[in-house]
Each structure stands twice: as C-alpha cells, then as structure tokens.
Amino acid sequence: MMKKQQAFFFVPYLLWIVLFVIAPLVLIIYQSFQNLSGHFTWANYASYLGSATYLKMTAESVWCALVITVVTLVISYPTAVVLNRLPNKQFWLLLVILPTWINLLLKTYAFIGLFAHNGSVNHFLEFLGLGAHQLLFTDTSFIIVASYIELPFMVLPIFNSLASLPSSLINAAADLGASRWQTFTRVIWPLSLSGVKAGIQAVFIPSLSLFMITRLIAGNRVITLGTAIEEHFLTTQNWGMGSTIGVILILAMFIVMGLTGEKKKQQGGRH
Amino acid sequence: MKKQHTGWLGKVYLALVLVILYLPIFYLVYYSFSSGKTMEKFGHFSLVHYRVLATDTRMIQIVINTAIIALLSSLIATVIGTLGALVIKRVRFRQQRQVLLSLNNVLMVSPDVLIGASFLIFFTVIGLRLGFVSVLLSHIAFSIPIVVLMVLPKLNEMSPTLADAAADLGATPWQSLSRVTLPAMTPGILVGYFMAFTYSLDDFAVTFFVTGNGFTTLSVEIYSRARQGINLEINALSTVVFLLSLALVAGYYFLSSRAGRRNRVMTVKEGDVQ
C-alpha cells in the first residue's frame, strides 16, 4: 500500500527528468548526426570542422565572450570590494541586483535608442568633440550591451565570497606587517577566487549564447554560437547543423566549467 | 587618512556604476513621456504612448497570455518541484542523490538557446503542435529545478526526529507529511513558486523557440517590435514593467524574509542570462 503511494509521489518528478532533461539532451545529440533528409551522417561535424566560416565564427564568439568576461570582471571586482565596505551593504547590493529583474529585451532595446546615429551617446561624443560614430551594428556595441546586462551576475558571486571572508584574516595580515597591496594579493584575492570563478561561469557561457542581443544591437555583424543555433533552427531550418553547433556549445560549457570549477572538491573536504 | 580617501573614491566609483546600471532604464522611462516618435529628441510631456498602449488590444491579449502562462506554469512547477525535493530527500545513497541533483541542475546551467532548441526537437518528435501547450510545458520544465533548489534546504533543515516522533505518536505517513513536513517546507515552497513565476514572466529565448506562429508572450512581442526599430509604445510598456518588477522584488523580499533567509544574500534572476 505504502509503496504504491510513494510511487505516486515519485512519478511526476522522475517523468520530468526523463522527458525534459534526458530526452532533449539525447535528441539534440542524435539530431546533430542527421542530415536534412533524416539519415545518419557525420557530415555536419565534417562541414563544421572543415569550414573556415564556422571555425572563424566560433573563434570570434569565444573571443567576444572572453572580452565581455574580462570587462565585467574588471568593473565588478572593485564594485564588490566597495560594496562590502559600506555600512548598508545589503541595500546597495540590492540596488546593483535590481536591474536583473527587468526584462532583458527592454534593457537591450534601450541601447538601440542610446546608440542610434542621432542618439544620446553620439550627442555626448559630439559634445566632447569626438564626433559622431557608427555605434549600432558593431562588435563593440555588442560587447558593451552584453557587459552591461551581465555586470550584476559578476558582482554578486564576488560580493558573496568577499562578504564571507573573515575580517580577522585581514587584521592578522596587517598585524603581521603586510602592506595593503600585499594583503590584497596574498589574502583577499586568493580567498575571493571562488567568487570570481563563479562569476566567470555566470558571464562567459551566456555570452556565447545570447542571440537576442546580437540580433537587436549588432544586426548580422556579430554571429555568436547562440545566434548560429537560432539561425539554423528557425531561419534556415537546418536542424542537424544547428544541433551540431549546439553540441559544440555544450562542449564549450563543459570546458568553462572544468576550468573554473575545481573548487567543488575542496568544498567536499570542508568540515 | 589614507583609508578615508579610498572610501571617498570608492563611493564615487560605486555611484558611477549605479548610474551606468540605471541610465538605460530611466532613459526608456523618460522618453515614454515624450510626444515625439523617437528617442532622439524629447517633444513635450505627453501621455499619448500610454494611451496607445492602453488601447492596443493585441498587446493586452499578449499580457493576459503571459500572465496565464506564468501563473499556471509556476503553480504546476511548484507542485512537481516540491515532490521532487521529497524524492531527492528520500533517496538513501549519497551517490544516487548526487546524480539526481546533477540531473535536476542540468536545465539551470544550460544556456536558454540549447533548452529552446532541444525542446523544439522534442515537441516535434512527439508530434505536439507548437502553441500554448508547448510554451506552458516548457515553462513548467525550466521552472521545476529552481523550486527543488528552494525547497530542499528546508527539508534538510528539518530534524529527522520530527518525522519519527510523528510516526511514534501514531501518525499515518500522509498525516506526517501534511502536518509535519509540509509546514516545514512552506517557506521554501513560497519562494520557489515566486522564482518560478518570475522565470516564466521573463523568459524569452526558450519561448521564442517553442511558440510557433499563433501564440505570443510579452518578451517575444517586445523582441519582434524592437527588431522593427524604435516605438515609444515599448517605452511606455517598459515603465509599466519597471514598476511591476519593483513590486515583484518587494514581494520576493517579503517572502524570503518570512522564510528566515534575511541574512542570506539574494538570488539573482539566473534565468535572465542563461
């Protein structure tokens, strides 16, 4: 009797795992080995690896994601440090986080206006005597908008790791005669590294895949892995190739997580 | 002396970051009150775009669709996710539990594009027509893991002796679940429901893949209108969305402080970027 009741509890969740976690993953891998007429083929991978266009696109996408990650990290780290020193830090953190609750597309849309040829940013540049520039439909505009959107996702984990850093350690370093710079490089930075890594994960992977920003801001100038997947699935209807790029994105995800995630083991050993 | 100086510099820096973070949002709101047609030159103060928005029946229908999807999907995801947390808790072996948890988190870490593409293949394979049902199923699917992650800590906090005590005192498994376990989970369930709700409201990429032609949600509509260029009706909409988001954040903090996580640092809307 009880066993049956338990089964009733188990079924919906396990069904979800099978249908919406395992099946889609298997299907996208399976689809990547299919050609347009539904036969098994290695051709998608062959044409991906053999095509300079695809490889160049991948390299550019990775490069863009790297730049976005570095830009957000450089801006976020000092922000997190400052936040941590403020008396009402939770409130200020909330202010930094709040924009993430606003629809991503609306924030992106704002930049269409800001970056327009006659838009506010160009007015400002002219005011500075720098002259108007073509801002929309460039790599730079994509990098700026993506960094803007992902900034809070970098600040938060760094802030968390800094907030959990015991102040006694910093005092100890000072007592032992460390300069402020030494305290930073020897104590604060190594201990906040887990937050930095989490932030890199939270920024790098989406930067590879956010297709709506490239579409709205960079037109067809910038093609990320995500844009390529969207294009193959919804425009050219070549699902096999789209899935192949999807598998590449999955691999990229694993590589990033592998490079930034070795802290897991240490956590396991924590007492 | 030196310390105070950096403090001052730090505050200016933080202010600058905050200005950058809020500038685009207030820029949108500012131009929503302009009588003009572009975000280049402010005409005079006018509510004309709000009037257009209020009479845009297509937009109103889309808002209703979005709300129905969000309410339904988060409700169903909360039920399944809560059951999921119970399942994970019930598994005895650590390794099996780890496997379940990893599977649970797959959709949390996957980029939206992949979730959308793979769900599209899935729905096509099982022969489901794209539209309301496929969007609803997708939203339920990607909301379940966050509910599990919000409920599970509450279950882990609960002392195992409580369930034993209930059993000793003659409670049936059902009574023990509804009278002991469920109340302990409730704060987590509420926060989970709330997160699922906002995930659904905000989702664009997954919906974009599985929505087909007939059915549209707010995010998809904003995208297709923004692709056509500037339209100050979207600005008016963003003011409304901004105010609603503020209300939601307030609601989240109310719920999570009741859930006893006051000191816990906040959750970001992961769904936003991934």
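Helices (H or I, at least four residues) and strands (E, at least two) are taken here as DSSP runs, numbered from the N terminus. By this criterion, chain B has 12 helices and 0 strands. The model is predicted: local features need pLDDT of at least 70, side-chain atom pairs count only at pLDDT 80 or more, and totals for chains, interfaces and linings use all residues. Residues are numbered from 1 along each chain as its sequence is written, while chains are lettered from A and ligands numbered from 1 in the order in which they are written.

The C-alpha trace of chain B spans about 75 × 70 × 30 Å along its principal axes. Of the 274 residues in chain B, 42% are buried (20 or more other C-beta atoms within 10 Å of the residue's own, with C-beta atoms placed from the backbone). Contacts join two residues whose C-beta atoms, placed from the backbone, lie within 7 Å. Among contacts in chain B with a separation of 6 or more, 78% link residues 24 or more positions apart.

Chain B meets chain A through 61 residues of its own and 71 residues of chain A. Helix H1 (residues 2-32) of chain B supplies the largest share of the chain B side, 13 residues. That side comprises 47 nonpolar, 8 polar and 6 charged residues (nonpolar: Ala, Val, Leu, Ile, Met, Phe, Trp, Tyr, Cys and Pro; charged: Asp, Glu, Lys and Arg; polar: the others, Gly among them).

The complex has an ipTM of 0.87 and a pTM of 0.87 from the predictor. The average pLDDT (the predictor's confidence in each residue, from 0 to 100) of chain B is 87, and 92% of its residues score at least 70. Where pLDDT is low, the predicted coordinates should not be read in detail.

Definitions and conventions: Buried ≥ 20, exposed ≤ 12 C-beta atoms within 10 Å, placed from the backbone.
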